[in-house]
Amino acid sequence: MRFRLFGVLLALLVLVLGVLTVPLATAAASRDTQTMFLDRVNDTVRFASLAETALRTGQTSALRSELSRYEELFAIDVLIVGRDGEAVIASGPGVDLRDPSVRAKIDEGLSGNRSASAGVVWPWRDDPLIVVEPVGRGGEIIGAALTVSPTERLRGATVRSWTALLGEGLLVLIIGVVAATYLTRWLLRPVHRLDATAQALTEGRFGERVGTVSGPPELRRLATSFNAMAEQVSVLVERQRAFVSYASHQLRTPLARLRLSMDNLASETTPEGQEDHQMVVEEIERMARLYDALLAYAHAEATSAEVSDIDVGGIADARVAAWQAVAEDAGIGVVRTGAAISVGRAAADTLDQVLDALIDNAVKFSGAGSTVTVEVKEPAGGWVDVHVADTGPGMLPGELRRAAEPFWRHPRDQNLDGSGLGVTIAQALVTACGGTLELLPAEPHGVNARIRLPASPSPCDKEAPS
């Protein structure tokens with residue numbers, strides 16, 4: 001953002017300088033040209049007045065002498081032509097009558113027209129400045145007077161004025177760059193601190209806060225509001241963690257004692273009460289499983305994971321091997337496919353727990369004769385994908401979306417053991433590591449659970465400066 005804002009400010013500054021400097025440079029060249037042109041017009045008018053008398057009387061020696069002195073002093077050629085367009089008096093041999101520009105000016109003067117404008121002499125053009133004045137009176141044109149002025153000095157003066165303008169523009173640009181640099185830093189310093197603090201909160205460092213910042217009042221108020229929000233989030237998370245810890249200590253012991261008491265009562269139970277005794281034991285076990293699931297879910301939601309590099313392929317191999325016997329007893333095959341080695345990033349034991357939950361669901365709900373495939377993909381696009389797909393009856397798209405909701409179970413599976421929290425807990429664990437868990441339809445039928453974890457950065461990425 002800093003470079004984009006700096007680029008916008010710099011582009012606006014360059015645009016403003018261009019809009020101001022180009023007209024000033026053009027005006028400077030036009031002004032210098034017009035000053036020289038007016039000076040030459042005055043001289044040419046004077047020479048035309050003197051030439052009229054000389055041409056009528058034929059006494060040209062005085063005029064010739066004056067033109068020569070003028071050329072010596074100012075290095076400007078002067079030419080007097082007759083009504084036939086041929087040179088009568090010339091201050092020197094520098095004027096070529098065959099030059100198209102000179103001939104056009106002579107024709108213009110013999111037509112009774114004087115030079116009205118010189119245009120603009122640009123530094124890259126070396127054409128001389130030619131000014132013509134008709135010689136005659138009362139509508140009778142007997143010749144024309146021309147001054148042919150070199151433009152080296154004029155072009156040099158224009159270049160110097162443009163150089164001064166360029167230097168001033170560069171100075172303003174440098175000042176603008178320095179000002180824009182400080183302005184962007186002043187504007188974005190609170191944004192950078194907010195970003196760093198938000199990242200820290202995302203990583204579970206709930207004690208981080210935005211320090212005292214400078215910047216616009218709106219951003220300072222935003223920083224204050226953000227700190228208040230972070231404080232509330234920190235309090236809520238700490239309360240949730242405290243609840244998890246309290247529940248862990250307060251509920252596990254009574255359930256264990258109750259189960260122990262029921263075991264002690266087994267020998268004292270009459271045959272008529274055996275069925276009721278067994279039902280109570282099963283309910284206690286179900287409560288214990290439900291409690292463990294709730295505790296795992298609450299802990300996953302309350303804790304931010306510390307991620308590190310993990311061997312995704314190795315973990316998948318281990319979990320598939322661990323479930324082989326259970327799956328075979330249920331008449332289900334579990335196979336491992338895909339990449340043998342693939343490195344991702346997750347908290348310790350996270351992928352193990354997630355794979356256990358997903359394989360357990362697949363074995364439990366896909367039905368005898370089906371196959372569960374655990375496939376590990378090669379890292380691509382910064383992610384590592386792990387698929388747990390079965391060939392069971394599958395679910396409808398709406399049911400797949402609801403499967404991660406706490407306690408949701410498919411209507412056909414209501415009579416099977418389970419808490420309805422397996423996918424919910426798995427999703428919470430994966431999300432805490434910066435990944436995603438998504439349930440998709442498998443081909444040709446079944447459920448395809450896709451685990452997506454951040455890939456481990458390459459060695460080059462790890463060594464690159466942040």
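I counted eleven helices and eleven strands in the chain, taking helices (H or I, at least four residues) and strands (E, at least two) as DSSP runs numbered from the N terminus. This is a predicted model, in which local features need pLDDT of at least 70, side-chain atom pairs count only at pLDDT 80 or more, and totals for chains, interfaces and linings use all residues. Residues are numbered from 1 along each chain as its sequence is written, and side-chain values use heavy atoms, with hydrogens and water left out.

I then checked pLDDT, the predictor's confidence in each residue from 0 to 100: the chain averages 82, and 87% of the residues score at least 70. Where pLDDT is low, the predicted coordinates should not be read in detail.

Next I traced an open antiparallel sheet of four strands, ordered β2-β1-β4-β3, where two strands pair if DSSP finds at least two bridges between them. β2 (87–90) and β3 (129–137) are the edge strands, each with a single partner, so one side of each lacks a neighbour in the sheet. Strand β1 (residues 77–82) joins β2 over three antiparallel bridges, and I noted Ile 80 opposite Ile 89 in β2.
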